[in-house]
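Dear colleague,

I am passing a structure on to you with this email, and below it you will find my notes on what came out of the analysis. Please read them with the structure open beside you.

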Amino acid sequence: MKAYKVLIDKKRNLNHNLLLVGRKGWKADSIYETAKNLNLNNEVKFLGYKEGTDLTNIVQHANLFISPSIYESFCFPALEAMACGVPSVVSKDTGTAEIVRDAGLLVNPYDIDEIADAIYTIISQKGLRKDLSRKAIDRAQNFSWQKCAVKTLNVYEEVYEK
């Protein structure tokens with residue numbers, strides 16, 4: 001939200017909303033408080049928990065997916081966004097960077113200006129967004145539950161043999 005606020009302050013005609021999707025969890029009150037303190041109540045939309053068709057519709061219509069997490073190991077929402085052709089802005093310091101690779105922009109999760117610049121770069125450069133969208137779809141095809149099961153089985157067999 002702080003990066004989004006930087007964008008609004010720099011680019012008054014941003015014409016994009018920040019949609020936050022997910023169940024209200026532990027210590028979530030600070031998120032709502034941040035939106036209020038940054039005066040973003042009109043620009044930030046808290047959509048709550050979504051699944052199935054509702055979630056797919058939201059993701060498919062997004063210009064980008066943002067997750068500058070500092071602790072994520074495997075970010076399923078990033079992979080879901082990529083499968084829908086949505087470019088990502090994610091932390092370069094987590095496992096999510098390994099998933100996204102060149103299908104998005106990797107940022108320092110502690111650098112608000114860098115996050116804001118990456119968001120603006122994707123939403124303002126249609127050619128780049130289209131290229132990242134194509135790469136996201138291609139990259140997402142490297143992941144499947146079948147591949148996960150086969151690799152997991154291989155690890156179990158390797159451990160068993162030792």
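I begin with the second largest pocket, where α8 gives the most to the lining, with 5 residues. Please keep in mind throughout that this is a predicted model. Besides α8 (145-161), α4 (76-83) also supplies at least two residues of the lining of this pocket. The lining of the second largest pocket comprises 14 residues in total, and those that lie nearest its centre are F74, L79, F143, S144 and W145. Sorted by class, the lining divides into 8 nonpolar, 3 polar and 3 charged residues, and the volume of the second largest pocket comes to about 410 Å³.

As to the chain as a whole, its secondary structure consists of 8 helices and 5 strands, and, read from the N terminus, these elements follow the order α-β-α-β-α-β-α-β-α-β-α-α-α. Taken along the principal axes, the box that the C-alpha atoms fill is roughly 60 × 40 × 30 Å.

Two helix contacts, both involving α6, also deserve a description. Two packed helices are described by the angle between their axes and the distance between the axes, and I follow that convention here.

In the contact of α1 with α6, helix α1 (residues 2-10) packs on helix α6 (residues 112-124) at an angle of about 65°, the two axes lying 8 Å apart, and the crossing of α1 and α6 is right-handed. On the α1 side the contact is made by K2, A3, V6, L7 and K10, while α6 brings I112, D113, I115, A116, D117, I119 and Y120 to it. The residues of this contact of α1 with α6 comprise 8 nonpolar and 4 charged ones, with no polar residue among them.

In the contact of α6 with α7 (residues 126-140), the axes come within 5 Å of each other and cross at roughly 95°. Since angles of 65 to 115 degrees count as roughly perpendicular, α6 and α7 are therefore roughly perpendicular to each other. Here T121, I122, I123 and S124 of α6 meet K126, L128, R129 and L132 of α7, and by class the contact of α6 with α7 holds 4 nonpolar, 2 polar and 2 charged residues.

With kind regards

Key:
Residues are numbered from 1 along each chain as its sequence is written. This is a predicted model: local features need pLDDT of at least 70, side-chain atom pairs count only at pLDDT 80 or more; totals for chains, interfaces and linings use all residues. Side-chain values use heavy atoms; hydrogens and water are left out. Axes are lines fitted to C-alpha atoms, for helices over the stretch in contact, and angles run from 0 to 180 degrees between N-to-C directions. Helices (H or I, at least four residues) and strands (E, at least two) are DSSP runs, numbered from the N terminus. A crossing is left-handed if the near helix is turned anticlockwise from the far one by less than a right angle, and right-handed if clockwise. Contact means heavy atoms within 4.5 Å. Ala, Val, Leu, Ile, Met, Phe, Trp, Tyr, Cys and Pro count as nonpolar, Asp, Glu, Lys and Arg as charged, and the others, Gly among them, as polar. Angles under 35 degrees count as roughly parallel, over 145 as roughly antiparallel, 65 to 115 as roughly perpendicular and the rest as oblique. On a 1 Å grid over the protein atoms alone, a cavity is a set of points where a 1.4 Å probe fits but cannot get out, and a pocket is an open set with protein on both sides within 12 Å along at least five of seven lines; lining residues have an atom within 4 Å of a point. Grid points are joined across faces, edges and corners, and a volume is the space filled by probe spheres set on the points.
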